Amino acid sequence: MSKAMELLKRFCADADDVRYFLQEPWKDANGTVMASNGHVAIILDPGTDVPEVAFVDTPRSAKLIGWASEIPSAGFLPARWDFAPDPECDQCDRKSSEPDEDGFVDSCYWCDGTGFNKKETIAVGDAHFAKHYLRLIASLPDCQIATAGSGGRAFFRFNGGIGFLMPVRR
Ligand SMILES: [Zn+2]
């Protein structure tokens, strides 16, 4: 898998997500490459080709590109955070239950059975975001984020593209 594809996959829905159409990145009719899991989205700069990514004819493309014209006016902050490791989950015994006969596992909502609380939120500007998404965005080169209030889509830009992040309502 190419580096670009590895990056895009981090923005896709998990393989077990019912929104199968969000499990892979796609490109629009202009060849613009994008990916989203419904909470976070990435659009690579026009002309950036990732050969493994297939064209998909979907209204989601125009929707994402349309959002790119709605940049919050709050101003950009550098997406540079030095987060402590995730805290241990205090809601469970740090184990998923045994899989049932059909292979389904009942995991802790707070930690997905990992033992570490993944639901922690962090305030950035005037909104709160899931820490694991902020970490993902901070891994992008020269990334900056502009927030849009407690219920608005934050916009980010980096050396290579742009994207959006949905806040966590509190
Ligand atoms: Zn837990």
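Strands E3 (40–44) and E9 (161–165) run antiparallel and are joined by five bridges; two strands count as paired if DSSP finds at least two bridges between them. Strands (E, at least two residues) and helices (H or I, at least four) are DSSP runs, numbered from the N terminus. This is a predicted model, in which local features need pLDDT of at least 70, side-chain atom pairs count only at pLDDT 80 or more, and totals for chains, interfaces and linings use all residues. Residues are numbered from 1 along each chain as its sequence is written.

**Confidence**
- The protein chain averages a pLDDT (the predictor's confidence in each residue, from 0 to 100) of 89, and 96% of the residues score at least 70.
- Confidence is lowest in E5, at a mean of 90, and highest in strand E1 (residues 26–27), at 98.

**Sheet**
- Seven strands form an open sheet in the order E1-E2-E3-E9-E8-E7-E4, with antiparallel pairing.
- E1 and strand E4 (77–78) are the edge strands, each pairing on one side only.
- Leu44 stands opposite Gly161 in E9.

**Nonpolar core**
- A nonpolar core is a set of buried Ala, Val, Leu, Ile, Met, Phe, Trp, Tyr and Cys residues joined through C-beta atoms within 7 Å.
- The largest one has 31 residues, and those with the most contacts inside it are Met34, Ala41, Ile42, Ile137, Ala154, Phe156 and Leu165.
- Two or more residues each come from helix H1 (3–9), strand E2 (33–36), E3, E6, H3, E8 and E9.
- E3 gives the largest share of this core, five residues.
- Beyond its neighbours within four places in sequence, Met34 is in contact (C-beta atoms, placed from the backbone, within 7 Å) with Pro25, Trp26, Ala41, Ile42, Ile43, Ser61 and Leu64.

**Helix H3**
- In helix H3 (residues 131–138), the buried residues (20 or more other C-beta atoms within 10 Å of their own) are Lys131, Tyr133, Leu134 and Ile137.
- These residues line one face of the helix, because they fall within an arc of 160° seen down the axis of H3; the arc is that of the directions from the helix axis to the C-beta atoms.
- Among the elements covering them are strand E5 (121–124), strand E6 (127–130), strand E7 (144–146) and strand E8 (154–158).

**Arg169**
- Arg169 lies in the segment after strand E9.
- Arg169 is exposed (12 or fewer such atoms) because 9 other C-beta atoms lie within 10 Å.
- Arg169 touches Ser150 and Gly151, not counting residues up to four places away in sequence.
- Ser150 is 19 residues from Arg169 along the chain, and their C-alpha atoms are separated by 6.3 Å.

Technical notes. Contact = placed C-beta atoms within 7 Å.
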